[in-house]
Amino acid sequence: MRLSQFHLATVKEVPADAEIASHRLMLRAGMIRRLASGLYTWSPLGLRVLRKVERIVREEMDRAGAIELLMPSIQPKELWEETGRWEKFGGQLLKIKDRKQQEFCYGPTHEEVITDFARNELKSYKQLPINFYQIQTKFRDEIRPRFGVMRAREFLMKDAYSFHLSQESLAETYAAMYQAYVRVFTRLGLTFRAVQADSGAIGGHGSHEFQVLADSGEDTIAFSDGSDYAANLEKAEARAPTASRPAATAPLQKVDTPTQKTIASLASFLGISPRQCLKTLLVRGVNGVVALCLRGDHELNEVKAGKLAELPGAPVLASEEEILAACGTRPGFIGPLGLPDSIPVIVDRDAALMADFVCGGNTYGTHYTGANWDRDTRISRITDLRNVVEGDASPDGHGTLHIARGIEVGHVFQLGQKYAEALHATVIDESGKAQLMTMGCYGIGISRIVAAAIEQRHDAAGIIWPEAMTPWRVAVCVINPKNASAAVNDAAEALYQALSQRGIETVLDDRGLRPGNMFADMELIGIPHRVVVSERGLAAGTLEYRGREESESRTVSQDELFALLA
């Protein structure tokens with residue numbers, strides 16, 4: 001490719017709303033252009049990268065035995081009503097009507113469509129297991145699209161769906177797809193972690209996320225330094241302490257804390273550590289309010305709390321009116337002492353080991369010191385309620401946990417029979433009876449991978465692509481081609497052709513830019529290898545070479561260059 005015949009439109013300035021590196025650099029490199037909120041046109045440069053990701057994903061899906069198809073992006077309301085998700089999916093579901101006033105949605109995902117396909121196409125157990133996949137545009141009507149293609153409303157996704165007669169068969173395909181994902185992200189040159197995850201709105205009973213590690217990641221992951229254990233923060237278990245609760249030694253006293261409504265201000269006021277304070281949250285339960293108690297230096301894990309039988313779902317803090325009616329005080333002074341027996345007191349494992357702790361006095365402007373479980377207050381039950389923290393013991397018993405930020409780029413689910421049951425997707429089994437199929441679901445964010453790679457690999461000059469994703473591996477640069485000698489232009493052309501014939505993707509920068517501007521463009525768009533052909537080098541029989549992550553240029557012969565790129 002000759003850049004004089006290509007559309008490359010880099011810019012120096014980007015909109016102020018480009019908050020993260022990938023958004024800024026994709027705009028500066030001219031990879032994307034904004035059409036509307038959360039909608040982007042991929043330029044020829046951006047599309048080269050996107051298609052490389054897509055190719056590797058497709059190759060690994062094919063290798064894993066998945067079969068490609070293509071489903072409509074527009075889906076009828078009736079299918080979503082069968083699964084109950086027409087209303088449950090929420091505001092992200094873009095609903096539209098055709099000229100006949102029939103209702104449709106722009107597909108955010110394709111569980112309904114693929115299950116409808118399967119119930120009509122698959123009749124016998126002999127056709128199972130089978131795994132279908134597609135690479136298709138999705139649309140989710142984000143409330144606040146941001147970060148460019150990282151959280152766009154329209155995005156490119158690979159989604160696969162497998163169908164089985166048994167859980168054992170599903171587990172086999174799940175393992176195969178897990179390994180396929182490992183190969184995908186390894187081939188793409190990304191640093192990633194596969195982590196245990198909550199299945200969320202998709203459903204099912206087993207899932208893993210694939211997280212690209214980056215400081216700007218929206219997700220928090222916990223991983224062990226002594227094993228391969230890794231989990232999303234919402235899923236990571238805080239290992240049950242092995243110690244026993246210390247005996248009570250302090251008398252129970254009520255103290256005035258007129259303005260100390262937070263753990264931090266309370267600990268500072270009393271001259272103690274936050275870990276000596278008990279945090280009590282009143283949330284709305286199935287039958288009135290529920291008290292959740294944690295150590296003051298820990299945070300509630302909402303996913304764990306949302307699975308409590310006493311709660312109807314994700315925890316919602318009780319209102320001031322509800323708190324006042326339940327325990328006679330206001331937020332900031334709530335504690336477990338003296339709560340009515342009708343209020344369950346659910347205590348985190350670590351909080352249950354506290355002795356002589358400080359807690360709310362259930363009277364405005366007061367707290368208790370020297371409080372103790374059993375002696376002064378009751379526990380309804382003990383469970384894991386908190387987020388893990390740096391230094392916690394790994395749940396598998398090997399090593400300690402470390403916390404990192406990650407960007408989710410893939411997710412695999414064992415769906416079970418949720419969608420097959422809703423849509424009556426059955427096959428005839430060996431005994432001649434109709435049996436519900438068991439399903440798996442496997443997604444990769446193709447367009448999100450591009451942004452995630454930039455978040456992980458960039459510097460002040462621009463993008464640093466892994467070679468599997470770069471638009472071109474090598475840029476051959478000609479200084480002032482219009483005024484250069486015929487020998488220099490011929491040498492640049494010959495090098496460009498020689499590299500291309502060796503299967504090395506090469507771009508010839510013959511645009512005639514000043515050297516500083518030309519080199520800045522190559523660094524910005526992330527070309528891994530830059531080679532300069534010049535009069536002086538030609539006379540010496542050398543080329544000027546610089547790797548994208550190297551600080552200085554060096555001279556190499558043509559043979560040395562070929563060996564370096566082999």
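Throughout this passage a residue counts as buried when its relative accessible area is under 20%, as exposed when that area is over 50%, and as partly exposed in between, with a 1.4 Å probe and protein chains only. The model described here is predicted, so local features need a pLDDT of at least 70 and side-chain atom pairs count only at pLDDT 80 or more, whereas totals for chains, interfaces and linings use all residues. Residues are numbered from 1 along each chain as its sequence is written, and side-chain values use heavy atoms, with hydrogens and water left out.

The domain assignment, whose bounds come from an automatic or database source, gives domain 1 (14-237 + 403-454), domain 2 (253-383) and domain 3 (474-565). Taken over C-alpha atoms, the centres of domain 1 and domain 3 are separated by 40 Å.

Secondary structure elements are DSSP runs numbered from the N terminus, helices being H or I runs of at least four residues and strands being E runs of at least two. Helix 1 (residues 21-28) is largely enclosed by the rest of the structure, because 6 of its 8 residues are buried. These buried residues are Ala 21, Ser 22, His 23, Leu 25, Met 26 and Leu 27. What covers them includes strand 1 (32-36), strand 2 (39-42), helix 11 (446-456), strand 24 (458-459), strand 25 (462-463) and helix 13 (515-524). His 23, which has its place in helix 1, is buried with a relative accessible area of 5%. Where contact means heavy atoms within 4.5 Å, and residues up to four places away in sequence are not counted, His 23 touches Asp 17, Ala 18, Tyr 40, Phe 147, Gly 148 and Glu 455. Just after helix 1, Gly 30 takes a positive phi of about 75 degrees.

Charged pairs were examined next. Side chains of opposite charge can pair when their charged atoms come close. With a salt bridge defined as a side-chain nitrogen of Lys or Arg within 4 Å of a carboxyl oxygen of Asp or Glu, a search of the whole structure finds 45 salt bridges. One of these joins Lys 304 to Asp 384, with the closest N and O atoms 2.8 Å apart. This pair links distant parts of the chain, since Lys 304 lies in helix 8 (residues 302-306) and Asp 384 in the loop between strand 19 (381-383) and strand 20 (401-416), 80 residues apart. Both Lys 304 and Asp 384 are buried.

A salt bridge also forms between the side chains of Arg 381 and Glu 310, at 2.8 Å from N to O. Here again distant parts of the chain are linked, with Arg 381 in strand 19 and Glu 310 in the loop between helix 8 and helix 9 (320-327), 71 residues apart. Arg 381 is partly exposed, with a relative accessible area of 30%, and Glu 310 likewise counts as partly exposed, at 21% relative accessibility. In a further salt bridge, the closest N and O atoms of Arg 511 and Asp 521 are 3.0 Å apart. Arg 511 sits in the loop between strand 27 (506-509) and helix 13, while Asp 521 belongs to helix 13, 10 residues apart. Arg 511 counts as partly exposed at 23% relative accessibility, whereas Asp 521 is buried, with a relative accessible area of 10%. Grid points are joined across faces, edges and corners, and a volume is the space filled by probe spheres set on the points. The second largest pocket holds about 340 Å³ of space. Of the 20 residues that line this pocket, the closest to its centre are Lys 261, Thr 280, Leu 281, Gly 332 and Phe 333. Strand 14 (278-285) is among the elements that each supply at least two lining residues, and strand 14 gives the most, with 5 residues.

The structure holds 1 cavity of 30 Å³ or more, and about 60 Å³ of space lies in the largest cavity. The residues lining the largest cavity are Met 522, Glu 523, Ile 527, Arg 530, Arg 546, Gly 547 and Arg 548, with helix 13 and strand 29 (543-547) each supplying at least two.

How values were computed: 1 Å grid on protein atoms, 1.4 Å probe; cavity = no way out; pocket = protein on both sides within 12 Å on 5 of 7 lines; lining within 4 Å.
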